[in-house]
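Open the model in your viewer and follow the stops below. Each one says what to select and what is there.

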Amino acid sequence: MASENTFRESIAPLLNRWGPYRLTRDEITETAIRYYCEVTEDANPVYWDADFARRSRFGRIIAPPQMLFTLTRQPWWSPEYVNHKTASDAAALNPADVAVSTPSVLSVCEDYGYATSTVAGQEVEYLEPYGPGDGRIKIRGKTIDVSDEKIVRVGRGVFLTSISEYRTEVDDRLIGRSTLVLLRYKADEG
Amino acid sequence: MSTHEQKSWHDIDELEDIGSLTFPITMRALMIDVAGTRDLYPIHHDRDFAKRNGARDIFVNTMFYEGLFGRIATDWAGPESFLRKLSFRMQGPNCLGDTIVSRGWVTKKYRQDDRKLVDLEIHLDNEIEKDATVASLTIELAM
């Protein structure tokens with residue numbers, strides 16, 4: 001079994017490097033916003049009422065800022081040719097040296113047996129309003145810190161801290177930034 | 001929300017109560033959660049799967065909490081307020097048949113970069129568990 005030192009050595013070159021952008025399949029739409037607002041019965045008129053929203057300081061219908069994770073989830077199904085189109089549109093956003101696939105931080109964790117993951121903490125900052133008309137959403141991420149191995153309730157694990165950035169396709173505006181602390185662990189046996 | 005009243009930053013006091021919201025977690029609510037947040041992970045809709053994995057029952061997902069905390073904040077501060085920051089801890093699930101009751105208050109009132117901000121703390125309780133979910137938010141006021 002590999003030692004902790006070699007794990008950290010394997011991870012070090014991958015830290016603080018932005019991964020390639022990915023793109024959502026779909027543009028931000030009023031319909032998706034309404035389906036999301038139905039979940040918690042959110043009646044805020046800047047999400048629903050075009051006249052009210054136009055007169056508001058936002059000037060238009062906006063998405064609930066906290067909808068960012070819902071908007072950027074993977075679709076349930078798409079035809080292959082649509083997947084190709086989304087992937088090639090995303091590839092065009094990435095310089096060649098970023099697009100080259102490198103071993104991901106999570107795959108290195110798996111190589112060293114930290115196979116199970118759980119979210120230990122998360123904070124999201126919403127930097128600008130966004131909504132229909134902004135196109136699709138671009139997302140990229142980087143891991144910025146890896147802890148030493150710790151004894152945790154469920155076994156032995158490492159804490160990975162990563163940052164994701166969210167931008168609008170139209171005008172490339174930075175609309176959100178999330179910081180995620182993920183515990184990757186080897187479950188205790190028996 | 002019929003009047004769309006907008007709260008003024010100047011009128012807010014630290015430690016001010018932001019009121020309470022009650023939300024029953026019915027099967028219908030959980031189905032709307034799956035549809036509206038596009039989350040097919042079975043622990044949120046498959047009761048056998050949830051119980052096999054140690055949960056009391058199926059429960060609402062992370063994106064439900066994001067939506068609920070955002071709603072509680074703008075219901076209180078007004079439609080032109082804007083959520084700037086959100087983090088929360090899921091200490092226990094809110095399951096099918098539970099009723100969520102929220103409590104919240106202003107923890108800080110301040111200006112930063114010309115913005116009028118308040119920090120809020122919001123707790124969600126249910127019949128089984130107090131502090132099932134605990135959130136910290138920063139809201140920018142419109143005026």
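**Stop 1: chain A as a whole**

Among contacts in chain A between residues at least 6 apart in sequence, 74% join residues at least 24 apart. Two residues are in contact if their C-beta atoms, placed from the backbone, lie within 7 Å. This is a predicted model: local features need pLDDT of at least 70, side-chain atom pairs count only at pLDDT 80 or more, and totals for chains, interfaces and linings use all residues. Residues are numbered from 1 along each chain as its sequence is written, while chains are lettered from A and ligands numbered from 1 in the order in which they are written.

Colour chain A by secondary structure. Chain A has eight helices and six strands; these are DSSP runs, helices (H or I) of at least four residues and strands (E) of at least two, numbered from the N terminus.

**Stop 2: where the chains meet**

Select the side of chain A that touches chain B. Here 25 residues of chain A are in contact with 27 residues of chain B. Helices H2 (30–40) and H3 (45–48) of chain A are among the elements that give two or more residues to this side.

Now show strand E2 (116–126) of chain A. E2(A) pairs with strand E2 (residues 82–90) of chain B, antiparallel, over three bridges. Strands pair if DSSP finds at least two bridges between them. Pick A:Val124: its bridge partner in E2(B) is B:Leu86.

**Stop 3: B:Pro93**

Select B:Pro93, in the loop between E2 and strand E3 (99–112) of chain B. Is B:Pro93 buried or exposed? B:Pro93 is buried because it has 23 C-beta neighbours inside 10 Å; the cut-offs are 20 or more other C-beta atoms within 10 Å for buried, 12 or fewer for exposed, and partly exposed in between, with C-beta atoms placed from the backbone. Beyond its neighbours within four places in sequence, B:Pro93 is in contact with B:Ala55, B:Arg56, B:Phe59 and B:Ala132.
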